[in-house]
Structure formats: C-alpha cells, structure tokens
Amino acid sequence: MDAANAKQAGAVVLFDGVCNLCNGAVNFIIDRDPSSYFHFAALQSEQAAALLAPLGRVPEVEPQSFILVEDGEVYERSTAALRIARRLGGGWVLLYAFMVVPRVLRDAVYRLVARNRYRMFGKADSCRMPTPELRARFL
C-alpha cells in the first residue's frame, strides 16, 4: 500500500522504527485491530515523509512522538494514543475517557516516557521489517 491509498483505507500510525517500545505498540495495535483499520510506517521512512508533506508536516529527525494520520488530520502524542485506543474496541475504548484530562498534562506524561524510552525499553539497530503476513499493513 502506498501513502496515497492509505488515506482511503483507514488511519496510518507513524512510529519510531528503531524504538522497541514503539514496535511493541505496533504489535499491540495489530493484535487488537482485526478489521485492519490501522496501517503503519516508520517515521524515518520515505512513506512517512510522503504522507506528511501534503499536510504541511515533516517527520522529526529524532522522533519524540508517534503520529496518527486519520481523515486528513495529524494527531500526536497522547491524543494519537487515545484515538487509537478508541478504535481498538473492547475495554481499550474506555481509555478514551482520558481525553477530558487537559492535553498539556497528558502530553507531559507522554514526553516523560518518550524521553526515556530507549533507556527503559532499548533501541533496535534498524527499522522494523514486517512479516510477509503483515506486509500489506505497512506503507
């Protein structure tokens, strides 16, 4: 799937491809998204740049957030995470209630984890490569 078709197929999660926590989050989403609503690309990829450019955004050199692109809108940090949880169904949808917490507070917690994620969860030498079964979910 390319960036142009991704907009029509659902939402795209852009993640730090070398972050073990981020890769774990991608696996978590995939396992709870049987309708394949979410598609994925590493923030370091050309596909991410191609998806963000028309929206007036440029991926960070040192990603501090994952990004959700949904319906032509860009969501970052805690807002992206909560919007994703809302789509996962089951009990995860209840996490969306945290949207009532002011974004500045939610994002402060998010930034704390993001700053320490490599130290706490490690870092891969290269971006994630999807398995053949999951290749269609990645841009």
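Q: How many residues sit between S3 and S4 in their hairpin, and which residue in the turn has a positive phi?
A: Some ground rules: this is a predicted model, where local features need pLDDT of at least 70, side-chain atom pairs count only at pLDDT 80 or more, and totals for chains, interfaces and linings use all residues. Residues are numbered from 1 along each chain as its sequence is written, and side-chain values use heavy atoms, with hydrogens and water left out. Strands are DSSP runs of E, at least two residues, and helices runs of H or I, at least four, numbered from the N terminus. Here the hairpin has two residues between S3 and S4, and Asp 71 in the turn has a positive phi of about 55°.

Q: In which sense do S3 and S4 pair?
A: Two strands pair if DSSP finds at least two bridges between them. S3 (residues 67-70) and S4 (residues 73-76) run antiparallel, with four bridges; Val 69 has Val 74 as its bridge partner.

Q: How many disulfides does the structure hold?
A: A disulfide is a pair of cysteine sulfur atoms within 2.5 Å. The structure has zero: the nearest cysteine sulfur to that of Cys 19 belongs to Cys 22, 3.0 Å away.

Q: Is Cys 19 buried or exposed?
A: Buried means under 20% relative accessible area, exposed over 50%, and partly exposed in between (1.4 Å probe, protein chains only). Cys 19 is buried, at 0%, and Cys 22 is buried too, at 13%.
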